[in-house]
Amino acid sequence: NSAAMLPNTFKCACAAGWRGAACDVLGLGIVDVTQLGYRNASDPTWGGTVIQHGGAWHLFTAGKKPTDGPVIGSTTTRAVRAVSITGPSGPYRFAQVLGSTPPGRLGAGGIGLRVDVHRTPNGSLAMFTVGSLDNKWGLVALVSPVGDPAGPWLPSMLYRIRLNASARWDCGQLNDATASIGADGALLVAYRTQFNCAGQPLERVGLLHSPHWATGPLTKLTTDATAPLFGNLNSNEDPYLWRSARGVHMLLHTQAGANGKGWPD
């Protein structure tokens, strides 16, 4: 449970990380602007997850190097690992660009703008991203079987993307995947769709589920019949999943909906 009732007060004592009268508000810390977690001016980053291993903290993030032209849509994106020896808040120092073993299986154009790494129930590390594997595009898992953040990372295709312009809200697209793995190995994946699918200038959030993170199969929980999370007319992006004793939680960026009104994150 996230909260316990204080004796004779009828007030909740919130577990670490939560606040509010019902312990339902995420208790965010204050960022120390003099000690940012990770900054690499030559290699901008996007998203990231932290894994503790061997007395250090390892940040996995997508690194973007702009090519000629606009930054958005003109980048080569890679998975970057940075290391902190002082704690999860950093500072982090660049360690390596991660690749598949054997090399060359991931597409030369890079991966999606998100890498999400999790410790699995058997102690392996699994990195989830969207990219090209063996000339097929989809949700890819790269697994470090021994649980070492340095790898080797063995890739597999979990869910192949097949574009479908007639789909009502996702057009068969899948971007910015984030994952949660249960104690039983079940996998939940949240993703955003492509902007302007089905003529709507929106991005929506969908869900995939598998009874096991390694063996699959992954199936859609959100379909044309169910509609996306939060409905067809709301625009959301950049979901992030994590798990606690309370269950599975999601943070995301909520944008203006079809009615032109916006909401905070």
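A disulfide, taken here as a pair of cysteine sulfur atoms within 2.5 Å, joins Cys14 to Cys23, with an S to S distance of 2.1 Å, and by this rule the count comes to two disulfides. The structure is a predicted model, in which local features need pLDDT of at least 70 and side-chain atom pairs count only at pLDDT 80 or more, while totals for chains, interfaces and linings use all residues. Residues are numbered from 1 along each chain as its sequence is written, and side-chain values use heavy atoms, with hydrogens and water left out.

**Disulfides**

- A disulfide is, in general, a covalent bond between the sulfur atoms of two cysteines.
- The link of Cys14 and Cys23 is left-handed, with -90° about the S-S bond.
- Cys14 has a relative accessible area of 29% and is therefore partly exposed, whereas Cys23, at 0%, is buried; buried means under 20% relative accessible area, exposed over 50%, and partly exposed in between, with a 1.4 Å probe and protein chains only.
- Cys171 and Cys197 form the other link, their sulfur atoms lying 2.0 Å apart, and the torsion about their S-S bond is about 95°, so this disulfide is right-handed.
- Cys171 lies in the loop between strand E13 (154-160) and strand E14 (175-181), and Cys197 in the loop between strand E15 (187-192) and strand E16 (205-210), so the pair ties together parts that are 26 residues apart in sequence.
- Strands (E, at least two residues) and helices (H or I, at least four) are DSSP runs, numbered from the N terminus.
- Both Cys171 and Cys197 are buried.
- With bonded cysteines counted along the chain, the disulfides of the protein chain follow the pattern 1-2, 3-4.

**The sheet E14-E15-E16-E17**

- Four strands form an open sheet in the order E14-E15-E16-E17 with antiparallel pairing, where two strands pair if DSSP finds at least two bridges between them.
- The edge strands are E14 and strand E17 (219-220), each of which pairs on one side only.
- E16 and E17 pair in the antiparallel sense over two bridges, and the bridge partner of Leu208 in E17 is Lys220.

**Ser235**

- Ser235 is placed in strand E18, which covers residues 235-244.
- Because its relative accessibility is 4%, Ser235 counts as buried.
- The side chain of Ser235 reaches the backbone nitrogen of Glu203 at 3.0 Å, a polar contact being a pair of N or O atoms within 3.5 Å; within protein, one must be able to donate a hydrogen and the other to accept it, and residues adjacent in sequence count only if both atoms are side-chain atoms.
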